[in-house]
Amino acid sequence: MAKKTGGIARHGGGPHGSGSARGGPGRAGEPAPSGGLAEASGKDARAVRSPDGDLRVTVATDDGRLTYSVKERGRVLVGASGLGMDLAGRPSLTRDMSIESVERRTIDETWKPVWGTSSKVRNHANELTVHAVQDGTGFKLDLVFRVFDDGVGFRYHFPGQPGLGAYTVTAEQTEFTFEPGARSWSIAAGTNWTADEKHYRDLPLSSVPTAQTPITASPASDSYVVVHEADLTDYPSMTLKAVPGRPGAFSSDLIGLPDGTKAKLNGEFSTPWRTLTTGERPGDLGESHLIENLNDACAICDDTSWIEPATYVGVWWELQRRATTWNAGPNHGATTARVKQYIDLAKQAGAKFVLAEGWNTGSGGSWSGQDFLTPQADLDLPEVLRYAKANGVGFIAHNETRGDVDYYDRNLEKIFSRYEALGIHSIKTGYATKYLLGGVNRSHYDQEAVRHYQRVVDTAARHRITVDAHEAIKPTGLARTYPNMMTGEGVAGMEQHNYMGAGGNPPAQATILPFTRFMGGPADYTPGVLNVTWDPARLGTRVQTTSAAQLALYPTFFSPMQMLADTPENYAAHPGFAFLKDMPATWDETRVLDSAIGDYTTTARRSGRTWYLGAVTDENDRTLQVPLSFLPPGTFVAETYADAQETTWKGDPLPVEIHKTLVRSSTRLSMSLVGGGGQAVKLRPATADDLRGLSRYAPPRADYGAAEAVLDQETQRLTVKAPLTNEGSTVAEFQARVFLDGRAAASPSASAWRAAGPGPSSGRCPPPRCPTGTSRSRRASTANRSRWSSRVHCSNSSGTCGGPAR
């Protein structure tokens, strides 16, 4: 296991959204303006700035306590906040501290990830090391600050000194003082296996009692900050707790060992980095590499040919939906024949791996008696491996410990050496329910658990095996050092549409996750369920998005092992599957375009010369104007997968409109999303055939025909109908109003209408359905014409528009 020592020298104009503002319980309003925080100060104060000069960190002592503050573009982002540690049997290192000396240096390097959101990363920071000592005891404690253009990292370092042998951390006293009215997105702190699999809250910081990290806050409309940690090794996970009597102030709260202490250390040691990722817009957060840059350079990169970022398929979603079972029996899912069907799907999709949950004896039921080596009786493992290899597909061995971590820990070498001999080079681990390690049930996130996860990664690397870890520790950028640690869970992912009740994952969560959970690193969210209403076991639940939104999640969510989660049958029936074929899982460039956390987000990623663009929205319909200015010169084909004219999140979420048009960097796409919906676009250089055969993109334009009005004499209800033609390239939503005698009729709700573009779509699933009656908007059966209808209650000369809400 890697042990951290000598820590001082280590270094490892936008789119427009429309939609009603959301409110109600659990949702904050606009952030309060900043202005009540003070910087750290004192005669011993020392400061360090970011390379661009916009960020300044000040370190000082205040009545014997080390403090720090962060100022961004002239405004205090983090007010004077205390620092320190408590060690068993020693005076608290929050008292009687003084600064002896400082050291400074600049780090500026460019490194190439084995996989990632960019093919190269610049690591540029100014570093300040503060050498502090405790008066009276002479105990030495160093603080190392690195200030980047996109944030700050700082850590404690215990230097070697007389008497520093074995010691115990009983508390870490790191504070973060923010504006109490800052809007924030977080989940409550927890210690069990589901703590990270909750829905994010939208609250003022003053209303947050505890939080897991990452936690994201916005103290002003042009200021965002994420609190997290980097290089979590041999130490417990950090959560935050509110400081009593100081709204907006939080203190670190480490996950405890079973005896209540926090960490057992020995000799020189550096803690994980405490991180503050900053930006003027949400996209700045999403494009940051600060967490990775605070980790050490790759430790296993002499030969990384066996580390293959890719998409994968597998026996999983059918298990979640209870169509088949993990355990042996007549409905067992991971049979030889069924896994072969998924291997065929992988080949068709360009995926490189197949997962078979329930492949080994003891899977399902109590999950006891597993050795992770013996296959179920109806799975011929040698034949499956032979067939997979013949089709260019690798096998992912599912290792669900079900909390019997002691057995797994003792047998890692035996299991992984056998996998290497069989040609299995990828595993998916699991730690659902309990966590029995060292003969005691403990938190999934304490120091010993963190050590176990590292032993898994180290042992796997020796046997050329990559890891997808579920119910494990949150990512903190360690994949830079150990790139075989590909991805993990720690998120309310696709499966929570089963387990969170009929509401599943609310659509807004997908617009929050890129700026919270994904700030630490990749997540195995398992997107790509195109038949979002599939319910074979009649569970009464479904995926709470449209099919188009599922496609849009691939550019939105990053994972170097990215699942195509649906079944072979569901993919065969849906034309949206075409977007997923040959989907990249590592990227050369990422642009997170204008986004509003909790409302919508738009992301573009490049692989080679091809860009993938995804936009998702919350529960509100909205239209986003997305400039393609990130494209290089030349003409591109935009292959668009959009919520179709008849698509509705709650009623008919499956239809997808597919169009191909020609675009350039000067093009501005109009992306019409229904609530819970999305849009995905593949942008590739146009060929000569494309230039001859495709039309240039045209923005939406409404053309209304002659209106007809019919008055019901009995009810005095006036129904007005008019044909609507969309002259644009793709589906769009138009606002319609009724005028009576030249005056606009008042409307209790806006009348919006979706209309498809003029060209034939190249795919639609299922065929359009046209609800009858005038109480809801009717869907047109033609590709470009709609019949807009509104009803008006008339009394004397006044009228009110009763246009139906879609």
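**View 1. The contacts of K120 are with T110, W111, K112 and P113, once its neighbours within four places in sequence are left aside.** Contact here is a distance within 4.5 Å between heavy atoms. The model is predicted, so local features need pLDDT of at least 70 and side-chain atom pairs need 80 or more, while totals for chains, interfaces and linings use all residues. Residues are numbered from 1 along each chain as its sequence is written, and side-chain values use heavy atoms, without hydrogens or water. K120 belongs to the loop that runs between β6 (97–111) and β7 (121–134), where strands are DSSP runs of E with at least two residues and helices are runs of H or I with at least four, numbered from the N terminus. Because its relative accessibility is 57%, K120 counts as exposed (over 50%; buried is under 20%, partly exposed in between, with a 1.4 Å probe and protein chains only). Although 467 residues separate K120 from W587 in sequence, their C-alpha atoms are 9.9 Å apart in space.

**View 2. Six strands make up an open antiparallel sheet, in the order β31-β32-β33-β38-β35-β36.** Strands pair if DSSP finds at least two bridges between them. The edges of the sheet are formed by β31 (589–592) and β36 (656–663), and each of these has a single partner strand, so one of its sides is left without a neighbour in the sheet. Strand β35 (residues 636–643) is joined to β36 by eight bridges, and these two strands run antiparallel.

**View 3. Helix α5 (residues 381–390) has four buried residues, namely L381, V384, L385 and A388.** These residues lie on the same side of α5, because they cover an arc of only 95 degrees around the axis (judged by the directions from the helix axis to the C-beta atoms). On the other side of α5, by contrast, P382 and A390 are exposed. Among the elements that cover the buried residues of α5 are helix α4 (336–349), strand β24 (394–400) and helix α7 (412–422). Just after the helix comes G392, whose phi is positive, at about 70 degrees.

**View 4. F139 and F158 form one of the aromatic pairs, of which a search of the whole structure finds 25.** Rings of Phe, Tyr and Trp (its six-membered ring) pair with centres within 6.5 Å; planes under 30 degrees apart are stacked, over 60 edge-to-face, the rest tilted. The pair F139 and F158 is edge-to-face, with 6.3 Å from centre to centre and 70 degrees between the planes. F139 is part of the loop between β7 and β8 (140–148), whereas F158 is in strand β9 (residues 151–158), so the pair ties together parts that are 19 residues apart in sequence. F139 and F158 are both buried.

**View 5. An edge-to-face aromatic pair is also formed by F579 and Y612.** The centres of these two rings are 5.7 Å apart, and the planes make an angle of 70 degrees. Since F579 lies in helix α13 (residues 577–580) and Y612 in strand β33, the pair ties together parts that are 33 residues apart in sequence. Both residues, F579 as well as Y612, are buried.

**View 6. F372, Y407, Y408, F416 and Y419 are linked into a cluster.** What links the members of this cluster is a set of ring pairs.
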